Amino acid sequence: MESKKSSLVTTCRLTIDLEKCLSCAACPPVCHTGALNLSSLLLEINKELCDNCSICIKVCPTGALLFSETTNFKPQG
Amino acid sequence: MEKTDAVIIGGGPAGSIVASTLAKKGFEIILLEKRPQIGVPVRCGEATGSREEISRFIPIDETWILADINAARLIAPGGRIVEKHLPSVGVVLDRSRFDQALAGQAANSGADVRVHTEAVGLLRGKNCVEGVLARDHRTGKTYELNAKVTIGADGIEGFIGRWAGITRHLKLSAIHSAIQYLIEDDGLPRDTIELYAGRKIAPGGYAWVFPKQKGFANVGLGVDPTMIEENTAKDFLDRFVEQHFPNAKIHATVAGGTSGTKPLKTMVGNGVLLVGEAAHQNNPLSGGGIMNALEGAEEASKVLTEALTTGDVSCRFLEQYDSRWKNRVGHAITKFALLRKLIYRLEDHELDNIAAVLDGISRNGEDKPIDYAEIFKTAVKTAPGLIWKAKNLLW
């Protein structure tokens, strides 16, 4: 589990598999919140903007975008 | 604050042509490229128009031409091959070198080309874009770049159009998810491109083989992401290469998205204009965009020259570019966008029927370029069910 934080707020679960991501820019155009940006070299996720809509996962040519396990409401310890 | 006549975002073919054209007229031009190097990485199939067409924009240099295309082979799902002899119809480029040559042409014309520099926001005046906030990734510094006109040539992933309120995000059905390998193999075609159609090969798109220097080719495909369920474009390409080039050595992978939509209603705003794939100027059926970007840049440059000369960069003035583009290429793109919806939804047996008729046409016909309208007519003629599909899609 990557985070022990428990929260009621929707948190971005989108993660990039850096082994697969080619920073190819297929995903930023379909992101309706503008959370995905291909900066100088790498794809970046603005976790504040992402609303887990999953459209980017469908467009990714290499399957590099995925949801991590949700950490909400998981009992700790 | 730094001031200039025009700031162009994106050092691809569209941005470089606008930069060189305006710089030649004596305007102060700054061209921003977020990447450390122009033309790297490549995100392109690299096949494009003829030497003659390209030479209208830059003198031909053999160092960026890897192969000449003299024929096209369409391979139907059932295996029927329709071959068309098309002498000197196009070339396969070394896109990195090509883009570098175009940016070099811009720099030699007097444009200030800045790599490592990303536009991270717009400068907004009263109801008008007045430049960009630029970040130099080497120094980490952000600075304001004030420009009379801002040109978004920042590709499909660009934000200039979205920030300016000209474009929105693309719907999933409006983009092709594409991937390509550079392969080395003994059995590759020379001077002939191959296009493979079929639901099992590339749902909502097609696969291509574009020969490069001897023994090498770009082999790739684009799919409609709404038609592939849990699979990725890569899954389809791996299967395709395994079937057709089982002994190939894969040297590189490139991927990307191309828009498959009709032209934008407008590509301009007050003090801002879009060009190239940022303005969805690529062909929505084939995904090709290099020649369209060059032509779009040419039309944009004409209107921008006048705008900068007269000092009128208003939306109303820049709109001339919209109509110029529509008349030159845009109307054709509208048709291609409709054809995309139709052709890529055909069942494999329907494609086989069309291929059979096309085969007849190509055996009897003269050496004319492939006419998609003709394919459409043939499609409707050979498979009456298609009329219903067409009716539902088009009307």
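## Close-ups of a predicted two-chain model

View 1. Helices (H or I, at least four residues) and strands (E, at least two) are DSSP runs, numbered from the N terminus, and two strands pair if DSSP finds at least two bridges between them. Look for B:Ala47, which sits opposite B:Val92 in strand 5 of chain B.

A quick note before we go on: this is a predicted model, in which local features need pLDDT of at least 70 and side-chain atom pairs count only at pLDDT 80 or more, while totals for chains, interfaces and linings use all residues. Residues are numbered from 1 along each chain as its sequence is written, and chains are lettered from A and ligands numbered from 1 in the order in which they are written.

**View 2. The hairpin of strands 4 and 5 in chain B.** Here strand 4 (residues 65-75) and strand 5 (residues 81-93) of chain B run antiparallel, joined by nine bridges. Five residues lie between the two strands of this hairpin, and B:Gly79 in the turn has a positive phi of about 105°.

View 3. Zooming out, eight strands of chain B make up an open sheet with mixed pairing, in the order 3-5-4-11-12-13-10-14. Strand 3 and strand 14 (249-259) of chain B are its edge strands, each pairing on one side only.

**View 4. Helix 1 against helix 3 in chain B.** The axes of helix 1 (residues 13-24) and helix 3 (residues 95-108) of chain B come within 8 Å and cross at roughly 20°. That crossing angle is why helix 1 of chain B is roughly parallel to helix 3 of chain B (angles under 35 degrees count as roughly parallel). Axes are lines fitted to C-alpha atoms, for helices over the stretch in contact, with angles from 0 to 180 degrees between N-to-C directions. The crossing of these two helices of chain B is left-handed (the near helix is turned anticlockwise from the far one by less than a right angle; clockwise would be right-handed). Among the residues that meet are B:Ile17 and B:Ala23 from helix 1 of chain B, and B:Leu102 and B:Ala106 from helix 3 of chain B. The contact between helix 1 and helix 3 of chain B has seven nonpolar, three polar and one charged residues. Ala, Val, Leu, Ile, Met, Phe, Trp, Tyr, Cys and Pro count as nonpolar, Asp, Glu, Lys and Arg as charged, and the others, Gly among them, as polar.

**View 5. Helix 6 against helix 8 in chain B.** Helix 6 of chain B and helix 8 (residues 320-343) of chain B have axes that come within 9 Å and cross at roughly 145°, and their crossing is right-handed. Helix 6 of chain B contributes B:Glu295, B:Glu299 and B:Val303, among others, which meet residues of helix 8 of chain B including B:Tyr321, B:Arg324 and B:Trp325. By class, this contact of helix 6 with helix 8 of chain B has five nonpolar, three polar and four charged residues. B:Thr309 is also part of helix 6 (residues 290-310) of chain B. B:Thr309 is exposed because it has 11 C-beta neighbours inside 10 Å. Its C-alpha atom is 21 Å from that of B:Asn127, 182 residues away along the chain.

View 6. Chain A has one helix and four strands, arranged along the sequence as β-β-β-α-β. Of its 77 residues, 26% are buried (20 or more other C-beta atoms within 10 Å of a residue's own; 12 or fewer means exposed, and partly exposed lies in between, with C-beta atoms placed from the backbone). The contact between the chains draws on 20 residues of chain A and 25 residues of chain B (C-beta atoms, placed from the backbone, within 7 Å). Helix 1 (residues 55-59) of chain A supplies three residues, the largest share of the side of chain A that touches chain B. That side of chain A has 13 nonpolar, six polar and one charged residues.

Note on methods
Two residues are in contact if their C-beta atoms, placed from the backbone, lie within 7 Å. Angles under 35 degrees count as roughly parallel, over 145 as roughly antiparallel, 65 to 115 as roughly perpendicular and the rest as oblique.
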